[in-house]
Amino acid sequence: MSKIHAEHVFTSESVSEGHPDKVCDQISDAVLDACLNQDPESRVACETLVTTDLVVISGEITTKAKVNWEQIARKVVNEIGYNDKDIGFSGDECKVFTCIHSQSPDISQGVTAGAGLHKEQGAGDQGMMFGYASSETKELMPAPVLYSHKIVEELARLRKADPKKYRFLRPDSKSQVSFKYKAGKPVCVETIVVSHQHSADMSMKWLENIVKEVAKKVIPAQFMKGNIKYHINPTGKFVVGGPNGDTGLTGRKIIVDTYGGVGSHGGGAFSGKDPSKVDRSAAYMCRYIAKNIVAAKLAEKCEVQVAYAIGVAEPLSINVDTYSTGAIEDDSKLEKIIREIFDLKPAGIIKTLGLKTPAKNGWSYQKAAAYGHFGRSIFPWEKIDRVDALKKAAAKYMKCCCGSC
């Protein structure tokens, strides 16, 4: 159990859609979306690398879909804003290499119902996955990572919405927000760091003003009090950036993608993986469960862990930690409740969250690949629709208020 500090500062970071690693995540997930849109049974494990003037797409893909991998990559790069060869990377001008082959038959038989040792669809790999939720924000996310996302997301929105006014801004940026906590609750922002790629003729004072305006817009006023420290482009300039300044790879921003370092992480990345890979689908399910537990007021904070063996449908274990904030004294009772209410077999997770048919439900995996996979209501794992079922199941474990029972 984690202890609640009387007072502490916690920091999380985010990166924009133009960060080289996020460019890769978005290309990999755009490939996944294209495959699933035509063939919901597609098996996709897509990895991308970007560097100066080059995109490399590789991986294991088994699908009936007819997909132009190069066209997808160029479209993603251009939409992000890398459409000018003078900044070192352009969707129209860069080279695109592909090296793709089919999924291993040894893996396929483990995740195809009736094909392996077990009749049911098994997990796509072994490993453990975590989900987390906290009542400290209305999104039920940790404040530092939530508002780190919002800063770079808003800067990107401004850059695209008014390219004339914000012509100095380039796609690559990073943010970092430090929150002071008292008794486990965020009380104020202490420090904001933003590094934003820019044109050579930009005034640093102009950027400082824009960042401060954005921070005040996206972070609630209750947290923006006192003497907040700002570090904006603290090296002095950030002209060379994006894939021209740093090689990017799929799956290198796993903490940015999740909870900003709060709670635990199983180590698996998300982007480019179809939902048979429990690295992704089970992590989404754990967030769904944890969020509904917190929304049901069964805990102020909740972390859910599951573990799987490749080819086996049932999770090997379920663990719940409410950090001593649970309404039920024994967290193991929540484990029993989870088993009653939620189907944690891979096929059950996919069905519950509609993970094979995102386009039909108005979302995409590519949208999740920048600004966090959690905390945005557009995704099905962010639904709060099991609250009543959780409360009903928990009632038998709750303490009687009168004290006489």
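Over how many bridges do β7 and strand β12 pair?

## The sheet

β7 and β12 (residues 301-308) pair over eight bridges, in the antiparallel sense. Strands count as paired if DSSP finds at least two bridges between them. Strands (E, at least two residues) and helices (H or I, at least four) are DSSP runs, numbered from the N terminus.

The open sheet has three strands, ordered β7-β12-β13, with antiparallel pairing. β7 (127-134) and β13 (317-321) are the edge strands, each pairing on one side only. From one strand to the next, the twist averages 15°.

## Basis of the model

This is a predicted model: local features need pLDDT of at least 70, side-chain atom pairs count only at pLDDT 80 or more, and totals for chains, interfaces and linings use all residues. Residues are numbered from 1 along each chain as its sequence is written, and side-chain values use heavy atoms, with hydrogens and water left out.

## Helix α8 on the sheet

Helix α8 (residues 331-341) packs on the sheet and touches β12 and β13. Contact means heavy atoms within 4.5 Å. The direction of α8 makes about 130° with that of β13. Angles run from 0 to 180 degrees between N-to-C directions; axes are lines fitted to C-alpha atoms, for helices over the stretch in contact.

## Helix α8 and helix α11

α8 also packs with helix α11 (residues 387-394), at an angle of about 130° and with axes 10 Å apart. The contact is made by I337, E340 and I341 of α8. From α11 come A389, L390, A393 and A394. By class, the contact has six nonpolar, no polar and one charged residues (nonpolar: Ala, Val, Leu, Ile, Met, Phe, Trp, Tyr, Cys and Pro; charged: Asp, Glu, Lys and Arg; polar: the others, Gly among them).
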